[in-house]
Amino acid sequence: MKRVIIVGGTSGIGRALAEIYSEVGFAVGITGRRENLLKEFCDKGKNRFFEVTDICDTGTLPEKLTNLAVAMGGVDILIISSGVGELNPMLAYDIEAISIDTNVSGFTAVADWSYNYFATCKKGHIVVISSLGSLRGDNIAPAYNASKAYQSNYADGLRKKAVKSGIPVYVTEIKPGFVDTQMAKGSGLFWIMPVDKVARQIFNAVRRKRKVAIVTRRWTIVAFLLKSLPDFLYYKI
């Protein structure tokens, strides 16, 4: 039986992925702060596990992830789905710090544990759910976009590390557009994607061991425009 841990599996994309992996016969471990939601997931099926964690508590994360891996009898895939994004046009630092603590510090702690664990096992697959926001900066959520760019670059660094070490540790980065979850903030959002459709495309991208996947596929158009627009046009949007 294959085994997957989803960090940030209480709601949104993470929870949808947990349901999909359970349906196809994986043992599934999920983490998050809301113990009631973790228990709710585990009570609904077999081979489901959980560990209550706060991704910002980087001091306890490695031990808790290890405990979960031991309870599951090992891990084949680890998905980092935990993340936050706050609109902050006034640049209040306390709001920026939320994104930094979660999407940078907490993310790094999980990514490092994952790579080291899989390197010891001599195999594994790390999945990073970043964002199309990683492609360029943003004026109303600067820390969010910057933190997602950090995740994207870090994933690439882990991928290079695995290649140079000769260890078959795969790294997949997922770049979603707007998804119908609590993370979708602001007015005038378009192409809001249903979370189940997004999760299914993520599952397929991971199964194929894609290096980078944009979901849903229509968002490849937006990604192309973001990367291609000259500054003088992008700054007017």
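Is Leu-225 buried, partly exposed or exposed? Leu-225 counts as partly exposed, at 44% relative accessibility. Buried means under 20% relative accessible area, exposed means over 50%, and partly exposed is in between, with a 1.4 Å probe and protein chains only.

Before going on, a word on the model. It is predicted, so local features need pLDDT of at least 70 and side-chain atom pairs count only at pLDDT 80 or more, while totals for chains, interfaces and linings use all residues. Residues are numbered from 1 along each chain as its sequence is written, and side-chain values use heavy atoms, with hydrogens and water left out.

Back to Leu-225, which sits in helix α7. Helices here are DSSP runs of H or I with at least four residues, strands are runs of E with at least two, and both are numbered from the N terminus. Together with Trp-191, Ile-221 and Phe-224, Leu-225 makes a nonpolar surface patch of about 410 Å². Nonpolar side chains, meaning Val, Leu, Ile, Met, Phe, Trp and Tyr, are joined within 5 Å, and like charges within 9 Å. The areas come from the Shrake-Rupley method with a 1.4 Å probe, and for residues only the protein chains shown count as cover.

Next, the sheet. Its 7 strands are parallel and form an open sheet in the order β3-β2-β1-β4-β5-β6-β7. At the edges are β3 (48–52) and β7, each pairing on one side only. From one strand to the next, the twist averages 15 degrees. Two strands pair if DSSP finds at least two bridges between them; β6 (residues 169–176) and β7 have 4. Across that pair, Ile-174 is opposite Ala-213 in β7.

Helix α6 lies across β4, β5, β6 and β7, at about 165 degrees to β7. Such angles run from 0 to 180 degrees between N-to-C directions, using axes fitted to C-alpha atoms, for helices over the stretch in contact (heavy atoms within 4.5 Å).

Last, the backbone. Most residues other than glycine have a negative phi, and most peptide bonds are trans. Leu-91 has a positive phi of about 55 degrees, in the loop between β4 (77–80) and α4 (93–121). Lys-209, between α6 (195–207) and β7, also has a positive phi, near 55 degrees. Where is the cis peptide bond? It joins Val-215 and Thr-216, with omega about -15 degrees.

Technical notes: Patch = residues over 30% accessible without salt bridge, like charges linked within 9 Å, V, L, I, M, F, W, Y side chains within 5 Å. Salt bridge = Lys/Arg side-chain N within 4 Å of Asp/Glu carboxyl O.
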